[in-house]
Amino acid sequence: KDEVRFGAQVRVLDVDLDDEEIITLVGAGDEDYENGKYLITSPLGQGLLGKKVNDEVEIPVPKGTISFKVLEISFPDE
């Protein structure tokens, strides 16, 4: 429960924008990017997988690189 995995709801800080967002890692068919639900197989999902609170990660995405700091991990469905 202390690291990001499938079903996790992750509160992250976008280091470049100084903006917090909540990302939920979901399976195929449940993605809803407008509401922060990202496929676990997406670049964002893969970049966050296995990270813990206070970890910082740089994730390559089509537009460049996103720098996130993991602030909180929860599992609302458990």
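The conversation below covers salt bridges, strands, a few individual residues and ring interactions.

User: What kind of model is this?

Analyst: This is a predicted model, in which local features need pLDDT of at least 70 and side-chain atom pairs count only at pLDDT 80 or more, while totals for chains, interfaces and linings use all residues. Residues are numbered from 1 along each chain as its sequence is written, and side-chain values use heavy atoms, with hydrogens and water left out.

User: Let us start with charges. How many salt bridges are there in the whole structure?

Analyst: The search finds four salt bridges. The term refers to a side-chain nitrogen of Lys or Arg within 4 Å of a carboxyl oxygen of Asp or Glu.

User: Which residue does Asp2 meet in a salt bridge?

Analyst: Asp2 meets Lys52, with an N to O distance of 3.4 Å. Asp2 lies in the segment before strand E1 (9-14) and Lys52 in the loop between helix H1 (43-48) and strand E4 (56-61), so the pair ties together parts that are 50 residues apart in sequence. Helices (H or I, at least four residues) and strands (E, at least two) are DSSP runs, numbered from the N terminus.

User: And which residues does Arg11 bridge to?

Analyst: Arg11 forms a salt bridge with Glu20 at 2.8 Å, N to O. Arg11 also forms a salt bridge with Glu72, where the closest N and O atoms are 3.0 Å apart.

User: Which residues are joined into one network by shared partners?

Analyst: Asp2, Glu3 and Lys52 are joined in this way by their salt bridges.

User: How accessible are Arg11, Glu20 and Glu72?

Analyst: Arg11 is partly exposed, at 27% relative accessible area. Glu20 is partly exposed at 46%, and Glu72 is partly exposed at 39%. Here buried means under 20% relative accessible area, exposed means over 50%, and partly exposed lies in between (1.4 Å probe, protein chains only).

User: Turning to the strands, how do E1 and E2 run?

Analyst: E1 and E2 run antiparallel and are joined by six bridges. Two strands pair if DSSP finds at least two bridges between them. E1 and E2 form a hairpin with four residues between them, and Asp18 in the turn has a positive phi of about 50 degrees.

User: In which sense do E2 and E3 pair?

Analyst: E2 and strand E3 (residues 37-39) pair in the parallel sense over three bridges. Val26 stands opposite Leu39 in E3.

User: What about Thr24: is it buried or exposed?

Analyst: Thr24 counts as buried, at 14% relative accessibility. Thr24 is found in strand E2 (residues 19-26), and Gln9 stands opposite it. Leaving aside neighbours within four places in sequence, Thr24 is in contact (heavy atoms within 4.5 Å) with Ala8, Gln9, Gly36, Lys37 and Tyr38.

User: Where is Val53 found?

Analyst: Val53 is found in the loop between H1 and E4, and counts as partly exposed at 39% relative accessibility. With neighbours within four places in sequence left aside, the contacts of Val53 are Asp2, Val70, Leu71, Glu72 and Ile73.

User: One last topic, rings. What lies over the face of Phe75?

Analyst: Arg5 lies over the face of Phe75, at 4.2 Å from the ring centre. A charge sits over a ring if NZ of Lys or CZ of Arg is within 6 Å of the ring centre and within 35 degrees of the ring normal.
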